[in-house]
4 protein chains.
Amino acid sequence: MSTLPRRPTYIAVVGGGSPPPRALELAEQVGRDLAKRGAGVVCGGLGGVMEAVCRGAKAEGGTTIGILPGNDPQEANPYVDVPICTGMGYARNVIVVKTASAVIAIDGAYGTLSEIGHALGDGIPVVGLETWQLSSNGVGDNGIINASDPADAVEKALAAARRRERLKQAAAH
Amino acid sequence: MSTLPRRPTYIAVVGGGSPPPRALELAEQVGRDLAKRGAGVVCGGLGGVMEAVCRGAKAEGGTTIGILPGNDPQEANPYVDVPICTGMGYARNVIVVKTASAVIAIDGAYGTLSEIGHALGDGIPVVGLETWQLSSNGVGDNGIINASDPADAVEKALAAARRRERLKQAAAH
Amino acid sequence: MSTLPRRPTYIAVVGGGSPPPRALELAEQVGRDLAKRGAGVVCGGLGGVMEAVCRGAKAEGGTTIGILPGNDPQEANPYVDVPICTGMGYARNVIVVKTASAVIAIDGAYGTLSEIGHALGDGIPVVGLETWQLSSNGVGDNGIINASDPADAVEKALAAARRRERLKQAAAH
Amino acid sequence: MSTLPRRPTYIAVVGGGSPPPRALELAEQVGRDLAKRGAGVVCGGLGGVMEAVCRGAKAEGGTTIGILPGNDPQEANPYVDVPICTGMGYARNVIVVKTASAVIAIDGAYGTLSEIGHALGDGIPVVGLETWQLSSNGVGDNGIINASDPADAVEKALAAARRRERLKQAAAH
């Protein structure tokens, strides 16, 4: 199928629906940077961080997928190109992270925490931008890759996604 | 958001992974006709009818979504633009039909039957093309709209999708 | 763990929430007969056929599992011993059939049709009692085992469940 | 239905499949204490913390539900009374917490983290026993109720479950 274009790398951007303004600015810039780098955005499709990252991506001509908890594509924010209706509530969080090659987590709602847990449990890299810090029995957990700003988050997510794809290809041969 | 393009109508095309050659021809033509009419295709993302409909759609420049049962976007057939990894096995059939405004069922595997049941149970119209016929306690069920050929299936699916969208808008006002 | 009792065989009983009175009588008798034979009942946990089969099973001291579409165990009918809250809507139909060794389908709602499709697609035997008849391209499909009355349905479901369990054990050795 | 016994309160016990021996001891004691208090156990049905809590519960005559990721009830540990086959992989974590009135988290695998996130996002109380500590942007999060030992965890989980059930009943009236 040499004439079909290669699919873009999809990066999941996860964060709450009602975050502080600062998180919305970070998310919009992450969306812009992902689109400039040719990566697609996958998210939960609703408002807050999800809408901000899609708005940023569309401003730079990117592609956006929204994995919705409900049954109605009209629930998607207006910057979602492809609304997927799961009808499964927050179980859809699993699909958001599995569809991506890496995850960028912004700010700290509990739904975001569930997505971080699902991604790390599945070996999908997670880059954190002003989000949860984890420790277990008093020892810090270094599963989340810390980023200092949106450009750094995008750079680290794409690098981690490439590393993971190379490892999967090597394992398949 | 007046500058954002309107999303296309998505039509789910459902059918088995190992159908007879006749079903593959029907599916490819359905894909071509949907793309010509500006509709997007959503399917289960794998082979057989799913691959044929995507191949037809891409030949006419359409958009294709594949809702995969597994965790690896590489499992999608090469004509899928947007691979969604659910990791949920055949529970993903529910998502295939919910994401669409109408369903076209081709040929007759049992997975297709589950998708027909989920769609009709949710009030999503189903158009059948050489697929299952249903009767209950000896009385024929007319839930499935019969189509005579791919062009007729696409015409009836788009008309049913428009009727449903108008009803939903009317109900929302 | 020689002192742990063997788990019962679970049989899924599927059917609509608003069926005709005749289906409720059939379902209650199926529940009674399953409990007398020592089998557990798994169902969708709500009303109609689901409530009738649980009422029958409890009248004979059986065990009943209700796989609910929503988040609230109080939605379960009063004859459900174990309410499972999925929050996944009708995607829970998949779990109802997968949890069982065989399925008895009574009467004919579309949700029941989706459960028949999921079960047959997974190789889980389905016994039909005044339910859907399937044909494909004009040829009758014999996937559903027909039963003449509740006692016959229970007998055939338990026999099919045992055959399937023997085949799985043989495959595992 | 005055003659039907009231259903027990179900408490989810979540923790990894390969934890240190200390976590297994804690889990087994939690299972014993829950059963002595008349509460049912719901868990992911596999090994490690899941098996230990079920073993403890059965030693005291309790009831145990295992929500499995796969399709085969034989994958459940031998102390599971009711194996539920979801076929949905780790998306089943959502069902584990939704089925319970409160959650006890032991030790710290990433799947456990996803369950903590899903529960807190849904307003289901979480009691932690030597598990994850969460902070967000440098500020500790107090969503998880800390317990000092198994008896304290069971006491706090049952108290939180009762509070939640009272609030739900008050909201329904």
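User: How many residues does each side give to the contact of chain D and chain A?

Analyst: The model is a predicted one. The contact has two sides, one on chain D and one on chain A. Each of these chains gives 22 residues.

User: Which element supplies the largest share of the side of chain D that touches chain A?

Analyst: Two elements of chain D, α4 (110–121) and β7 (132–136), each supply at least two residues of this side. By class, the side holds nine nonpolar, twelve polar and one charged residues. The largest share, nine residues, comes from α4(D).

User: How many bridges join β7 of chain A to β7(D), and which residue stands opposite A:Gln133?

Analyst: Strand β7 of chain A covers residues 132–136, and it runs antiparallel to β7(D). Five bridges join the two strands.

User: Is helix α2 of chain D mostly covered or mostly uncovered, and how many of its residues are buried?

Analyst: Helix α2(D) spans residues 49–59. Its buried residues include D:Val49, D:Met50, D:Cys54 and D:Lys58. The helix is mostly covered, and the number of buried residues is ten of eleven.

User: Against which elements of chain D do the buried residues of α2(D) pack?

Analyst: Among the residues concerned are D:Ala52, D:Val53 and D:Ala57, which are buried in α2(D). After the helix comes D:Gly61, with a positive phi near 80 degrees. The buried residues of α2(D) pack against β1 (10–14), α1 (21–36), β2 (40–43), β3 (64–68) and β5 (102–106).

Methods:
Residues numbered from 1 in each chain as written. Chains lettered and ligands numbered in written order. Predicted model: local features only at pLDDT ≥ 70, side-chain atom pairs only at ≥ 80, totals over all residues. Contact = placed C-beta atoms within 7 Å. Helix = DSSP H or I, 4+ residues; strand = E, 2+ residues; numbered from the N terminus. Nonpolar A, V, L, I, M, F, W, Y, C, P; charged D, E, K, R; others polar. Pairing = 2+ DSSP bridges. Buried ≥ 20, exposed ≤ 12 C-beta atoms within 10 Å, placed from the backbone.
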